[in-house]
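I set out to record two things: how the chains meet, and what surrounds the ligand.

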Amino acid sequence: MESCAFQLQVVAVFILISTEFLTMENNIKLLVNNISVVYSDVIQVLKGVSLIIRAGQIVSLLGSNGAGKTTTLRAISGLLKPENGKVTEGSVEYDGKPIQNSSPEEITRKGIIQVLEGRQEFKYLTVEENLRVGTATRWGKPFKEDLELVYRYFPALQARRKSLAGYCSGGELQMLVIGRALMAHPELLLLDEPSLGLAPLLVKEIFQIIRRINQEQGTTLMVVEQNANMALQIAHYGYVMENGKVVMESTADELRENPDIKEFYLGTAASGALKSYKDVKSYKRRKRWL
Amino acid sequence: MDFFLQLLVNGISLGLLYALSALGFVMIFKSSSVLNLAHGELLAIGAFLFLVFSTWARLPIILAFGLTLVGTFALGFVVERLFLRPLIGENLIEVIMMTLGLGIMFRGLLLFIFGGDIHSYPDFLPKSLTIQWGAVQIPSVNVATFIIGILFLVIFGFFFKYSSQGIYMRSVADNQPAALSLGVHVRRVFALSWAIAFIVAAMSGIVLGIINGINVHELSAIGLKVFPVVILGGLDSIGGAILGGIIIGLIETFTGGYFSTALKEIIPYIVLIFILMVKPYGLFGLVEIERV
Ligand SMILES: Nc1ncnc2c1ncn2[C@@H]1O[C@H](COP(=O)(O)OP(=O)(O)OP(=O)(O)O)[C@@H](O)[C@H]1O
Ligand SMILES: [Mg+2]
């Protein structure tokens, strides 16, 4: 009897250790391994970008305009191809399988959905029809339950379901495009600047919903943002890009406390007054930022 | 008055045929921005395919009709796959030139197989379809036109409005990058729009064949009336194509009835030129939704 209990204990400990070990090794949802991206065969935009997205986490990707954030998302989602772009070096592995330069049709069907920058709604479709396009990866069926789920996250959409998306407000559209992506049952959801041009209160609401989606649906998320403050509040981990390279990565908490990030993205420098852009830039250059 | 009513009925039924054929043209334009210059030949292909099944193979009419539907649908896929898909991503003008070439090739093939004579279907429409209403008589062929026209317009109307595949097709027409980002199979949508264009063009081709006889040149020329129709209705509007079709049908029939049959043939093109000069985006084109 006693030995049996002991054996059970041993087994339990073993299982604990091994699952710990396994999750440490296997919870990598997406691995971007040293990729270079070239547009139109000549314009090199990414120069050796590496990222890891762990399952169930929210990873935020920060960086100034033109840093290559959108390009990175496109390299993951396959949407480089229609832009005449290509991953020329390195690899993108999703659940351990290479997906770089696969077509968007294939990649979306593996569960990666990118929500495009700038709220790309279908103007002449109603809100509900817009949402239904999100079922394209599974031939349209079923969609009733998914609609209910989306309306639970975004009650504002339900009231507007019969009206043309072209006549919705910016806030409603942001909800619409995120909701539309949810209809596709994404495992990895890539959001490109969801806060762009929205009122602060609404930004807060959207980010709370993003966090809820992560927690309740178990969706892994990558959020590209200019609004570093918001992004780092909900993220577990963050990357900073400049000029087509990752220049910094750390847990979100550490990034929030980092003086450079404070200075440059959060606008809350320790010294109080904001230093001039030039100062910041040269300071950063010293620290191999640029 | 009776004459007027007769013309009205004829005009609307002719207009439904134009509408049906324009629906296919607008489908292709909306989903892939391609002006299909081979549209006239699609009508002819449909009419001759039905001729093969009904007259040559002597199949029962319903079966012949069904086979024509299936055949043209499949042909649409094949044509898209062989000739149009390799050009995806090329300049639009090259694709349009391709459709011009396809049209000439189709016409040549039809001439080669069937010659330039006028063929006709067996007289299969039951006399009981004829409607006598006072002094106005609606011949069976017009009744059949009404039935086919309205049936297909309703079927495709429902398809685009409610079915998932129809919604995907409209999403591609609306915002192609967004559709791609959600995994809509854009190439499949292009193929489907060609298949649908083939089907609806075939339907109007068959009915026009019943009315006028089946001749390659004539059917192709009638098919080209899709241009006045869609210019009137707005190139990118399915509802506009239907209205435009009916209006052109009416104008044409009334011109023929009250003025001269010679003028009848060119009046749609006069309308086309007039509309282009006054309202280049068509009377019923989509109201552009702009964000400010
Ligand atoms: N289709 C394209 N063809 C050529 N160059 C492109 C293309 N798309 C983006 N670029 C270039 O790649 C660089 C990075 O662009 P990207 O859109 O990835 O930046 P971003 O970090 O998303 O910027 P933003 O914050 O402004 O959205 C820019 O210099 C841009 O001009
Ligand atoms: Mg961007």
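I take a polar contact as a pair of N or O atoms within 3.5 Å; within protein, one must be able to donate a hydrogen and the other to accept it, and residues adjacent in sequence count only if both atoms are side-chain atoms. I note that this is a predicted model, in which local features need pLDDT of at least 70 and side-chain atom pairs pLDDT 80 or more, while totals for chains, interfaces and linings use all residues. Residues are numbered from 1 along each chain as its sequence is written, chains are lettered from A and ligands numbered from 1 in written order, and side-chain values use heavy atoms, without hydrogens and water.

**Ligand 1**

I looked up the polar contacts of ligand 1 first. An oxygen atom of ligand 1 lies 3.1 Å from a side-chain N or O atom of Glu193(A). Thr70(A) brings a polar side-chain atom to 2.6 Å from a ligand oxygen, and Ala67(A) a polar backbone atom to 3.2 Å.

**Interface of chains B and A**

I then counted contacts (heavy atoms within 4.5 Å): 28 residues of chain B touch 33 of chain A. The rule for salt bridges (a side-chain nitrogen of Lys or Arg within 4 Å of a carboxyl oxygen of Asp or Glu) finds three across this interface. One of them joins Arg187(B) to Glu105(A), with the closest N and O atoms 3.5 Å apart.
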